[in-house]
Amino acid sequence: MSEQLLLQPVAANTDKAKESLEKARIAHEKYLIRQQNQDLQEAIEHYIDAVKYDPTMPEAYYRLAALMWEQGQISIDTAIEQCKTAISLAPKNINAHLYTGFFMKMAQDFNSAETEFKSAIKMGKLNSARPRLILSQSILQKINSKNGNAGDYLSFLYYFLSGSLMLAWDRPSMKMFYKNMSDDFSVFTYNTVGKFLEKFKLYPTAENIYRQAISKTNHGEIFYNKMGDLALKNKEMDLTVDCYRKVLEANPLNREVLLKLATVLQTYFPDNTDEAIDCYEKLLEFDIDTPQIYYELGHLYLKKEDKINSISAFKLAVERDSENPFYNNSLAYAYSKAELYDEAIEHYQKAIAINPDKEWTSIVCQALGSIYAEVKGNIDAAVSTYQAGIILDPNNYELYLSLGDVHMAAYDLDNAIRAYCDAITLNPEDYRGYSKAGIALWEKDYLEEALVSFHKSIDLNPENEYAQNNLGILYLDGLGDAEEALEYFETAVELNPNYTLAYFNAARASQAMGFINDAANYYQMAIDLNKITQELDEEDIKNRLHKLFEI
């Protein structure tokens, strides 16, 4: 008795579901004939009622998905999920597979679409004309959208011819498919001619063919895509972006073009960060390559100096692929920009441990070493990290300089000189190694060697005001040659009119030569600039200035 009571509501709901489904079909047919939104809304409402009354009714799911997607109420991914629900409820329902394949084709997931169409053909057997022809259309669309191979062409012919033979007695359906196929063959013709012209580098003519195709066919999406690719090949970046945008106006869910537009914007239009971000966010809806997309988003947010969102994006990339060294490295960099150094150290260490490439990993070592040296003040850890990087890549010039700098910070002059000399040996044409070695040699009281090093630095780069100033100091304080020193200080000031220390040293050299007025002017300039730069002790400069005029 209790079982009967339980079954009665279910039976009643099934009847209501069938009634709602029938009303939905009628409204749906009216909409297809009259194209009135009122019929569309009525069909949607009745399909929803059918699902409410009987959630196991597959037809309601795929038909409701088609109408709601057409009206823009759901995304193509949601439509695919609803159709998959219908398949799970009725695995042998041909229409459920056809609708699922249709939406997969719209999402340009041609391989998955073909799988669904082939399932419908297998179920239909001799009555599989419709799924065969739909599959042939999908293959032709794939050929038009992408570079099809010989197998694709053969598959298209097989399913088109076999479907046509089976459909010969169904004239209304045959007319519908003929209309669709004639349009697709027109696309095929324009596409083939355009490719031929591109192959022989007749790019302007190919572009004209694609423009004709846009006006003559109903497939502007395909040919704007072709024009965009052609413009990209010819480095016409504005036209490239414009064409890809046109594609997305026709089909906002074209994943291939979303990815291309995002890449072009990110590479060639650094000021157009927001649009690139929008493209990547839309790509996330496809749930494909999401770690890579989050990785690209992280870099775009870094460009905007949006530290919080950049960290969030890189974290999501790492969560989905924790063993990717590049994701860990970028997350570490984002943390360091936000001054979250402990977190940065953790992910730099993870990237180094994975070590996908010795040269790349040595650069990561340099970034980690700078945090140890400059932020944490841990000289030993910095030295160890730099040395590890040098072992990985003995040709990393920057690491030798960084190692020398950290030794200098610890006033370990011998090791600093050794590191700078190793850098010079590695790249004798870079002025920086000589300049840094000159400072270390001067601190070690190796005056002659320091002079040689600074002179070489200036020979390689006469525009380096710091080397000019330092060489002047050696002549003034090391050799007592104020006249020679003054030339270098004045050159440093010419190169950088805001160089406080160079003015101060020029004043000292002028004072030593007895040029009181010149010295006074230089000291006054140093005082004025020092108020901004705060490089020197202002009282010391003032005292020196006052002593110039003491009797």
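**Entry 1: Asp-393**

I began with Asp-393, which I found in the loop between helix H20 (379–392) and helix H21 (397–409). I note here that I am working from a predicted model. Is Asp-393 buried or exposed? I find Asp-393 buried and yet without a salt bridge, since the nearest side chain of opposite charge, Lys-358, is 9.5 Å away. A salt bridge would need a side-chain nitrogen within 4 Å of a carboxyl oxygen. When I set aside the neighbours within four places in sequence, I see Asp-393 in contact with Lys-358, Glu-359 and Ser-362.

**Entry 2: salt bridges**

I then turned to charge pairs and noted 23 salt bridges in the structure. I looked up Glu-19 and Lys-23, which form a salt bridge with their closest N and O atoms 3.5 Å apart. The two are separated by about one helical turn, because they lie four residues apart in helix H1 (residues 2–34). I recorded Glu-19 as partly exposed at 45% relative accessibility, and Lys-23 as partly exposed with a relative accessible area of 38%.

Next I examined Asp-289 and Arg-255, whose salt bridge has its closest N and O atoms 3.3 Å apart. This pair links distant parts of the chain, 34 residues apart, with Asp-289 in the loop between helix H14 (273–283) and helix H15 (290–303) and Arg-255 in helix H13 (residues 255–268). I noted that Arg-255 counts as buried, at 18% relative accessibility.

I also looked at Arg-432 and Glu-398, which form a salt bridge with the closest N and O atoms 2.7 Å apart. Arg-432 lies in helix H23 (residues 431–443) and Glu-398 in helix H21, so this pair ties together parts that are 34 residues apart in sequence. I have Arg-432 down as partly exposed, with a relative accessible area of 26%, and Glu-398 as partly exposed, with 31%. I then traced one network in which salt bridges that share partners join Glu-22, Arg-25, Glu-59 and Arg-63.

**Entry 3: surface patches**

Which helix gives the most to the negative patch? I listed Asp-481, Glu-483, Glu-487, Glu-490, Glu-494 and Asp-518 as forming this negative surface patch, and I found that helix H26 (residues 482–495) gives the most to it, with four residues. I placed Glu-487 in helix H26 and recorded this residue as partly exposed, with a relative accessible area of 45%.

Last, I noted a nonpolar surface patch of about 300 Å², made by Leu-154, Leu-157 and Leu-161. I located Leu-157 in helix H8 (residues 150–166) and recorded Leu-157 as partly exposed, with a relative accessible area of 42%.

Definitions and conventions. Residues are numbered from 1 along each chain as its sequence is written. This is a predicted model: local features need pLDDT of at least 70, side-chain atom pairs count only at pLDDT 80 or more; totals for chains, interfaces and linings use all residues. Side-chain values use heavy atoms; hydrogens and water are left out. Patches are made of residues with over 30% relative accessible area and no salt bridge: like charges are joined within 9 Å, nonpolar side chains (Val, Leu, Ile, Met, Phe, Trp, Tyr) within 5 Å. Accessible areas come from the Shrake-Rupley method with a 1.4 Å probe; for residues, only the protein chains shown count as cover. Buried means under 20% relative accessible area, exposed over 50%, partly exposed in between (1.4 Å probe, protein chains only). Lys and Arg count as positive and Asp and Glu as negative; His and the chain ends are not counted. Contact means heavy atoms within 4.5 Å. The place of a charge is taken as NZ of Lys, CZ of Arg, CG of Asp or CD of Glu.
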